[in-house]
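Here are my notes on the model you sent. Please read them with the structure open.

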Amino acid sequence: MKCKVCPVCHEKSAVEELICRSCLTPLDNVEAKECDKEERANVLYLVYETNELQIENGDIVGREAKGDSFLADKLTVSRKHAKLTQKDNQWFVTDLGSTNGTYLNGKRIESHKEVALHDNDTLGLSRKVDFRVKL
C-alpha cells in the first residue's frame, strides 16, 4: 500500500490526502511511497465513501473527534463515539456509550467492551455510517 509521509511531522497519510491532518502541511507535492508492513503496523485505516481516515493507537472517532471533518453532519454519530486501540498488533474498537451504538459486521457491540477488528470488517458508527477496516 502506498502512502505519503509528511516532511514536517512524518505522519503517514493516504495518497489522496492534500494536507497533513496532524500539522496541516500541504502534501500536494509529496511523492507517494510504498509503506512497508512495519511502517503500517501501528496504523489502521477506516474507509468511508471517498474518505480514508488514518487511525493511530488510542484515537477516538466521532463528530468532535478524529473524522470530524466528514462526520460533523452525521447526527447519528456521537461526538466521541468509539475508541480504537492496538495491543500486540491486534486492533480493537470500544463503543464509548454512544447514543446510537457501534456495530461490527452488522451486530451491535456492547458499550465499553473491547472487540477485535480484522481486515475488511465493516465498522458502523450507528446504523447509518459504515466504515471498511483496512489493516
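1. Is cysteine 20 buried or exposed? Cysteine 20 is buried, because its relative accessible area is 0%, under the 20% cut-off. Bear in mind that this is a predicted model.

2. Cysteine 6 also deserves a look. Its relative accessibility is 0%, so cysteine 6 counts as buried. As for disulfides, a search of the whole structure finds zero.

3. Three strands make it up, in the order 2-1-3, with antiparallel pairing. Strand 2 (12-13) and strand 3 (33-34) are its edge strands; each pairs on one side only. Strand 1 (residues 2-5) runs antiparallel to strand 3, and two bridges join them. Lysine 2 has glutamate 34 in strand 3 as its bridge partner.

4. How many aromatic pairs does the structure hold? There are three. In one of them, tyrosine 48 and phenylalanine 70 have ring centres 6.0 Å apart and planes at 10 degrees, so this pair is stacked. Tyrosine 48 belongs to strand 4 (residues 43-48) and phenylalanine 70 to helix 2 (residues 68-71), so the pair ties together parts 22 residues apart in sequence.

5. Tyrosine 48 has a relative accessible area of 8%, and phenylalanine 70 has 9%; each is buried because its value is under 20%. Tyr48 and Phe70 form one aromatic cluster with Phe131.

6. Lysine 87 lies over the face of phenylalanine 92, 5.9 Å from the ring centre. Lysine 134 places its charged end over the ring of tyrosine 45, at 6.0 Å from the centre.

Definitions and conventions. Residues numbered from 1 in each chain as written. Predicted model: local features only at pLDDT ≥ 70, side-chain atom pairs only at ≥ 80, totals over all residues. Heavy atoms only, no water. Pairing = 2+ DSSP bridges. Helix = DSSP H or I, 4+ residues; strand = E, 2+ residues; numbered from the N terminus. Disulfide = S-S within 2.5 Å. Buried < 20%, exposed > 50% of the residue type's maximum accessible area, 1.4 Å probe, protein only. Phe/Tyr/Trp six-rings, centres within 6.5 Å; stacked < 30°, edge-to-face > 60°. Lys NZ or Arg CZ within 6 Å of the ring centre and 35° of its normal.
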